[in-house]
Amino acid sequence: MTPPPADRQRQRLIIAITGASGSIYGLRLLEALRELPDWESHLVVSEAGVLNTMHEHGLGRKDLASLADVVYHPGDVGAAIASGSFLTAGMVIAPTSMKTLAAVAHAYADNLITRAADVVLKERRRLVLLTREAPLNLAHLRNMVAVTEMGGVVFPPVPAFYSGAQSVDDIVNHTVLRTLDLFGIHSDRLKRWKGLGGR
C-alpha cells in the first residue's frame, strides 16, 4: 500500500457494513486500513450486518470492533461522523443492501449509516457503495442512478476475470484494492490491466 505523505494528518475513512451478503468486503477493507499508519478506520455495522457477519464468518460485534480504530453504534445519530465538520476522506458501505441504497438515494437518514452517507454526499466527499443484489428491479436501478447523480460511486463487486484470480479470496481482494484506489490508496498487490500484450 502507498500511504499519504508523512506531513499530512492521519486520514479517516468510514466503513459501514449492512445486511446484504458479502460482509467479507467490509472485513477486508478494515484489514487493509490497519496496514496503513496514516489512515484511520471508523466503523458502523447495522444490526442486520452483525447477523450476516456472524452467519458468513462466525464473527460478532466485538470481533468486528477489534478490526477498527473507532467504532459507533448504528443508533448513535449524535456521533462524530454524523456531522460534516468532522473531517473524513469519505465512506464505503460494503456490502450495501438495497434497503440502505434506497435510504441513501432518498436522504432518509434514519440511522448512523445513512446519516453519515448523507453527510458525505452533502460535503461533496467520496461515497462508495458496494451494492449486493441480483437480479435488479427498476427501483434498485433508479436508486443507483439517484446516488450517482448526487456524486456517489455505485461499485457492484463484479469479478475482474482479467486478474487471473485463482480463488474467491483473490476476487475479493481485487475488489477491495480497486475500492481503495478510489481514495488514492494504491497497492502494488493489485493486478492492473496492461493491455492484451500484458506490458
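Q: How are α1 and α7 oriented to each other?

A: Two packed helices are described by the angle between their axes and by the distance between those axes. In this predicted model, α1 and helix α7 (residues 168–181) pack at about 60°, with their axes 10 Å apart. The axes are lines fitted to C-alpha atoms, for helices over the stretch in contact, and angles run from 0 to 180 degrees between N-to-C directions. α1 and α7 are therefore oblique to each other. Angles under 35 degrees count as roughly parallel, over 145 as roughly antiparallel, 65 to 115 as roughly perpendicular, and the rest as oblique. Helices (H or I, at least four residues) and strands (E, at least two) are DSSP runs, numbered from the N terminus.

Q: What should I know about the model and the numbering before going on?

A: Residues are numbered from 1 along each chain as its sequence is written. The model is predicted, with local features needing pLDDT of at least 70, side-chain atom pairs counting only at pLDDT 80 or more, and totals for chains, interfaces and linings using all residues; side-chain values use heavy atoms, with hydrogens and water left out.

Q: Is the crossing of α1 and α7 left-handed or right-handed?

A: A crossing is left-handed if the near helix is turned anticlockwise from the far one by less than a right angle, and right-handed if clockwise. The crossing of α1 and α7 is right-handed.

Q: Which residues of α1 and α7 meet?

A: Contact means heavy atoms within 4.5 Å. From α1 come Ile 24, Tyr 25, Arg 28, Leu 29, Ala 32 and Leu 33; they meet Asp 169, Val 172, Asn 173, Thr 175, Val 176, Thr 179 and Leu 180 in α7. The residues of this contact divide into eight nonpolar, three polar and two charged. Here Ala, Val, Leu, Ile, Met, Phe, Trp, Tyr, Cys and Pro count as nonpolar, Asp, Glu, Lys and Arg as charged, and the others, Gly among them, as polar.

Q: At what angle do α4 and α5 pack?

A: Helix α4 (residues 98–105) and helix α5 (residues 112–122) pack at about 45°, and their axes are 9 Å apart. That makes α4 oblique to α5. Their crossing is right-handed. Thr 100, Ala 103 and Val 104 in α4 meet Ile 113, Thr 114, Ala 117 and Leu 121 in α5. By class, the contact has five nonpolar, two polar and no charged residues.

Q: How do α4 and α6 pack?

A: The angle between α4 and α6 is about 45°, with the axes 9 Å apart. That makes α4 oblique to α6. This crossing is left-handed. Met 98, Leu 101, Ala 102, Val 104 and Ala 105 of α4 make the contact with His 140, Asn 143, Met 144, Ala 146 and Val 147 of α6. Eight of the contact residues are nonpolar, two are polar and none is charged.

Q: Which residues of α2 are buried, and why do they line one face of the helix?

A: An α-helix has 3.6 residues a turn, so residues three or four places apart point the same way. In helix α2 (residues 47–57), Gly 49, Val 50, Asn 52 and Thr 53 are buried. Seen down the axis of α2, the buried residues fall within an arc of 170°, so they line one face of the helix. The arc is that of the directions from the helix axis to the C-beta atoms. Leu 51 and His 55 are exposed on the other side of α2. Buried means under 20% relative accessible area, exposed over 50%, and partly exposed in between (1.4 Å probe, protein chains only).

Q: What covers the buried residues of α2, and what follows this helix?

A: The cover includes β1 (11–17), α1 (23–34), β2 (39–45) and α3 (61–65). After α2 comes Gly 58, whose phi is positive, near 70°.

Q: Is Ser 23 buried or exposed?

A: Ser 23, in helix α1, is buried, with a relative accessible area of 0%. Not counting residues up to four places away in sequence, Ser 23 touches Ile 17, Asn 52, Thr 53, Glu 56, His 57 and Pro 95.

Q: Where is Tyr 108, and what is in contact with this residue?

A: Tyr 108 is in the loop between α4 and α5. Tyr 108 is exposed, with a relative accessible area of 54%. Leaving aside neighbours within four places in sequence, Tyr 108 is in contact with Ala 103 and Thr 114.
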